[in-house]
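Subject: Structure for you to look at

Hello,

Here is the structure I said I would pass on.

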Amino acid sequence: MVEAALENPVSGPGRWNFLNTYTHFMDPKRRLTIPSEWREPFSKTPTLYVLPDFFERSLRLIPDADMDRRLEKIRQIPLSDRRGRDLVRELGRQSDKVQWDSQGRIRIKDELLNWAGLVDQVLLMGAYDTFELWDPKTWAQTNRAATVDQDKLREVAPVKTLRVDANEGWKTKEQALEMIEWLAKDGHIEFVEQPMPAATPVKDWVWLKARSPLPIFADESYHLAKDVPQVAECFHGANVKLVKTGGVSGGFEALSAARKAGLKTMLGCMIESSILISAAAHLAELCDHLDVDGNILISNDPYLGVTSSKGILSFAQAPEKFGLRVSPR
Ligand SMILES: [Mg+2]
């Protein structure tokens, strides 16, 4: 929930869009100039929250208006969520607040600059309602890591068909296209899921869809059947999950609507017990691609239902003969 609150706003306030990548140098006092294009939409200088990204060695800057909405979600984290509360405490302890001066410069505290390895040259990367600061070498290594992983994989499975889930990871349409063109050279990648954040403007999705050498599928951008018109404009396919639709009826509607709109369909899942996986399996015939393996990734599934073997889902061994065909183990 914490990650969702910080990384996945449902939609930005719409008053600004941080786009493109800039390379700026910090001055001798370690001040960094914010691009004038990014400052323009603000009628008064906002306070920017500076948060360390614990998963990638970079800093994320969030305008106060947007941070308020995210904090509201954080306040809803229950006391029992130990991991969530630890992460919030760590973020609060390490974060900083800055405002740009009359020349558009910010001064982030040394502790954070050092943590992200920012020395002189800094990449300022737009991510729509937030932006990120990267050391160019760290950024290059992060991108290279994906190449190395794929090289290793191809050593053991040279022509195995792969599907790639970018999980909103590429920040701009240009970066997304560059990555998809690189992936397409592999020759055995079927499609790419959710290349950019769900908050990406429609025109950028349309731009990418027109140019992408591989089909692109919506995941975070597709929740319910009512989302279909926009998803059909922006993507070639849609990934339906019952945790997004709220159950099997909503899943049926979301898949049917997607197919009617000419989209390729995929049924996905989260880490789930056999209850929701079995419910999803009943909808398999509406899908071009199946990714319902959440129950085989856990060792404490309390239920018996559908089984999967060599990519085939089957109810042949399900003891329950009616309904979702699930029973307690
Ligand atoms: Mg996904």
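The largest nonpolar core has 41 residues, and the members that touch the most others in it are Val 231, Phe 235, Ala 238, Ala 258 and Ala 280. Helix α12, residues 274-281, supplies the largest share of this core, with 5 residues. Note that the model is a predicted one.

Which residues is Ala 238 in contact with, leaving aside its neighbours within four places in sequence? They are Phe 217, Ala 218, Tyr 222, Val 231, Ala 258, Leu 263, Thr 265 and Met 266. Another core, of 26 residues, lies apart from the largest one; it includes Leu 32, Leu 59, Leu 113 and Trp 134. As background, nonpolar side chains in soluble globular proteins tend to be buried together.

Next, the sheet. It is open and antiparallel, and its 6 strands run in the order β1-β7-β8-β4-β3-β5. Because β1 (21-25) and β5 (96-98) stand at the edges with a single partner strand each, one side of each has no neighbour in the sheet. On average, neighbouring strands are turned by 30 degrees against each other, direction ignored.

Strand β4 (residues 58-63) pairs with β8 (residues 130-134) over 3 bridges, in the antiparallel sense. In this pair, Leu 59 is opposite Leu 133 of β8. Leu 59 is also among the residues of the 26-residue core.

Finally, helix α3 (residues 64-75) packs on the sheet, where it touches β3 (48-53) and β4. The direction of α3 makes about 100 degrees with that of β4.

Regards

How values were computed:
Residues numbered from 1 in each chain as written. Predicted model: local features only at pLDDT ≥ 70, side-chain atom pairs only at ≥ 80, totals over all residues. Pairing = 2+ DSSP bridges. Helix = DSSP H or I, 4+ residues; strand = E, 2+ residues; numbered from the N terminus. Axes fitted to C-alpha atoms, helices over the stretch in contact; angles between N-to-C directions. Contact = placed C-beta atoms within 7 Å. Core = buried A, V, L, I, M, F, W, Y, C linked by C-beta atoms within 7 Å. Buried ≥ 20, exposed ≤ 12 C-beta atoms within 10 Å, placed from the backbone.
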